[in-house]
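The structure is shown first.

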Amino acid sequence: MSLSPTSIETVDVILLDVPTIRPHRLSMTTMHRQTLVLVRITGNDGVTGLGEATTIGGLAYGEESPESIKVNIDTYMTPLLTGKDANQVAARMQILNDNVQGNRFAKCAIETALCDALAKRLGVPLSSLFGGRVRSSLPVAWTLASGDTGRDIEEAEKMLSLRRHNIFKLKIGARAVRDDAAHVASIKRAIGDRGSVRVDVNQAWSEADAMLGMQLLEQAGVDLVEQPIAAGNLDGLRRLRDKNRIPLMADETLHGPGDAYKVAQCGAADVFAVKITQSGGLTGAQQVAAIAAAASVDLYGGTMLEGAIGTMASAQLFSTFSHLAWGTELFGPLLLTEEILTVPLRYRDFSLELPDAPGLGISLDEDRVNFLRRDRKTTLVSLA
């Protein structure tokens, strides 16, 4: 099937401020809300594609913020896209990469929006653009990040009883190593064999702390340790992997296929956390997965706590991976108090189900989006 050229008419970037259901504590920040960065690209045929460039914790986690993403897309990227053929996705991304350094999250949102619109024009799910699905649902982990042991156990029990999650990842690193290990061990004892327990340290430990911590966590029955030390310390990651039996996962270390190659080459990780935004887009994330497969490194589908658009974009790509040994972490929309879709994503039986509709297979509730958008026009009503 051939498509006639479709000119890009508009590129809109919208910031939505959405509270979280509870404080979400990481080693470097505590989140009480999430700012969703939505990108809409509309062609002269009226077809609109959706993308998302959501980050974690402002600038506490990475070098892009919601505000910088919007400014850079509006100021520098939109002029490079307007009037060009929306169906030539690779060509559009090549122009952006040639003229704009970095900005991986922003580029990911644009590529996703272009792919969503192209798949809609072709009448196929977005996953079809990347080889097609090998699975129609994805296992989804839930992150326990209240920081309170009793509350985390109560939350885990609720997720198990609802059959929503049986994989749990604990955010640690803000306390002393032995205190964190004791916290995790208590939760693992409560869950027992009913679920998998993993931890994410978000680079908070020194190499010496990580050596102790990984040994204590193995004794506690933890299945996986994510990014215990600084992202750039590949030699340290390799040493930790060599001296511990518990699998080690790279996350912040991976900023696309170039980093994936370096990590695989030096044997610094057992597992890659693949994130479409950190990889610079869907194509970059697919390349990260290909490098992992060639190096016999396992895969985990990661998240930046995106809303529904970024979550479904990730799910569409992850559904094409032939091996996804550690499941995914695509729970972002469940952490938010507000729904922005006309039909919510479907989570059941410990998994996220993928829709069969064209593109991302989702549609926005425009009234909710307009209510949540940061630049909404508020009408004041006099009570006099």
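Tyr 61 counts as buried, at 15% relative accessibility; buried means under 20% relative accessible area, exposed over 50% and partly exposed in between, with a 1.4 Å probe and protein chains only. The model is predicted: local features need pLDDT of at least 70, side-chain atom pairs count only at pLDDT 80 or more, and totals for chains, interfaces and linings use all residues. Residues are numbered from 1 along each chain as its sequence is written, and side-chain values use heavy atoms, with hydrogens and water left out.

Tyr 61 lies in the loop between strand 3 (48-52) and helix 1 (66-81). Helices (H or I, at least four residues) and strands (E, at least two) are DSSP runs, numbered from the N terminus. Ala 313, in helix 10 (residues 308-318), is buried as well, with a relative accessible area of 0%. Leaving aside neighbours within four places in sequence, Ala 313 is in contact (heavy atoms within 4.5 Å) with Thr 112, Ile 276, Leu 282 and Leu 360.

The C-alpha separations of two residue pairs are listed below.

| Pair | Separation in sequence | C-alpha to C-alpha distance |
|---|---|---|
| Ala 313 and Leu 126 | 187 residues | 7.9 Å |
| Tyr 61 and Met 211 | 150 residues | 24 Å |

Met 211 also belongs to the contact between helix 6 and helix 7. Helix 6 (residues 207-220) and helix 7 (residues 234-243) pack at an angle of about 25 degrees, and their axes are 10 Å apart. Axes are lines fitted to C-alpha atoms, for helices over the stretch in contact, and angles run from 0 to 180 degrees between N-to-C directions. Helix 6 is therefore roughly parallel to helix 7; angles under 35 degrees count as roughly parallel, over 145 as roughly antiparallel, 65 to 115 as roughly perpendicular and the rest as oblique. Helix 6 contributes Glu 207, Ala 210, Met 211 and Met 214 to the contact, and helix 7 contributes Gly 236, Arg 239, Leu 240 and Lys 243.

The sheet is open and has seven strands in the order 5-6-7-8-9-10-11, with parallel pairing. Two strands pair if DSSP finds at least two bridges between them. Strand 5 (142-144) and strand 11 (298-301) are the edge strands, each pairing on one side only. On average, neighbouring strands of this sheet are turned by 30 degrees against each other, direction ignored. Strand 5 runs parallel to strand 6 (residues 167-171) and is joined to strand 6 by three bridges. Thr 143 stands opposite Lys 169 in strand 6.
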